[in-house]
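Thanks for coming, everyone. Please put the structure up on the screen. I will keep this short.

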Amino acid sequence: WQGCPTLLHTPKGRLFAGWYSGGVREPDPGNYNLLVRSDDDGWNWSKPELVIPGNPAENALAIDIQLWLDPLERMWLFITRRLYGGERRLTDEDHLEVWAIVCDDPDAEKLQWHEPRKITQGFLRTQPTVLSNGDWLLCSYDWSSPNYRYSRSRDNGATWERCEGGKRIAPYVGKELSNFDEGM
């Protein structure tokens with residue numbers, strides 16, 4: 001099975017595809033993220049370029065993956081890690097983490113990656129948005145605040161600041177639970 005696929009087209013025409021899978025169902029401690037590439041418009045695909053596993057020893061699931069080409073033409077691979085177990089609850093701010101791995105030249109024959117790093121809290125399901133002033137917004141949401149949350153970078157992704165937006169829509173619509181929280 002696959003979950004939350006993502007595609008990226010590079011300046012020289014290479015295609016990348018990413019998704020997560022693993023285990024017997026979603027979510028599962030055996031989840032992992034996969035990244036493959038195609039140099040012929042998607043007719044043929046490589047063996048996995050990257051396999052990013054969860055870490056059951058740390059109670060961490062590897063879930064949603066997102067590819068993005070930034071304004072400097074670097075490829076970002078974002079990964080959402082969901083931490084579970086013990087006393088952890090969905091409303092704990094630190095139960096969701098967004099990690100990133102950056103490749104400066106996604107068209108190179110051999111890809112070179114920076115060290116993976118945690119960039120913010122939350123659950124990411126979309127690419128960042130670049131504002132007219134050059135700031136980057138990353139709409140990674142969580143359930144720890146009554147407000148929508150996002151992260152902002154003012155330095156091309158070197159650092160990220162967690163911010164709050166408007167008040168979230170009420171958690172219940174009539175008698176039904178409303179999870180209207182996936183910022184895009």
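I will go through the aromatic pairs and then the salt bridges.

First, the ground rules. This is a predicted model, where local features need pLDDT of at least 70, side-chain atom pairs count only at pLDDT 80 or more, and totals for chains, interfaces and linings use all residues. Residues are numbered from 1 along each chain as its sequence is written, and side-chain values use heavy atoms, with hydrogens and water left out.

Aromatic rings, then. A pair of rings is described by the distance of the centres and the angle of the planes. Rings of Phe, Tyr and Trp (its six-membered ring) pair if their centres lie within 6.5 Å; planes under 30 degrees apart count as stacked, over 60 as edge-to-face and the rest as tilted. That rule gives seven aromatic pairs. One of them joins Trp68 and Trp76, tilted, with 6.3 Å between centres and 50° between planes.

Are these two buried or exposed? Buried means under 20% relative accessible area, exposed over 50%, partly exposed in between (1.4 Å probe, protein chains only). Trp68 is buried at 5%. Trp76 is buried at 1%.

Next, Trp136 and Trp160. Their ring centres are 6.2 Å apart and their planes at 50°, so this pair is tilted. It links distant parts of the chain, 24 residues apart: Trp136 sits in strand S10, Trp160 in the loop between strands S11 and S12. Strands here are DSSP runs (E, at least two residues), numbered from the N terminus. Both Trp136 and Trp160 are buried. Ring pairs link Trp68, Trp76, Phe78, Trp136 and Trp160 into a cluster.

Now charges. How many salt bridges does the structure hold? There are 13. A salt bridge here is a side-chain nitrogen of Lys or Arg within 4 Å of a carboxyl oxygen of Asp or Glu.

Take Asp64 and Arg125, at 3.7 Å, N to O. Asp64 is in strand S5, Arg125 in the loop between strands S8 and S9, 61 residues apart. Asp64 is buried at 4%, while Arg125 is partly exposed at 29%.

Then Arg81 and Glu97, with their closest N and O atoms 3.3 Å apart. This bridge links strand S6 to strand S7. Arg81 counts as buried at 18%, and Glu97 counts as buried at 9%.

Last, Asp135 and Arg154 meet at 3.3 Å, N to O. Asp135 lies in the loop between S9 and S10, Arg154 in the loop between S11 and S12. Asp135 is buried at 6%; Arg154 is exposed at 56%.

How values were computed:
Helix = DSSP H or I, 4+ residues; strand = E, 2+ residues; numbered from the N terminus.
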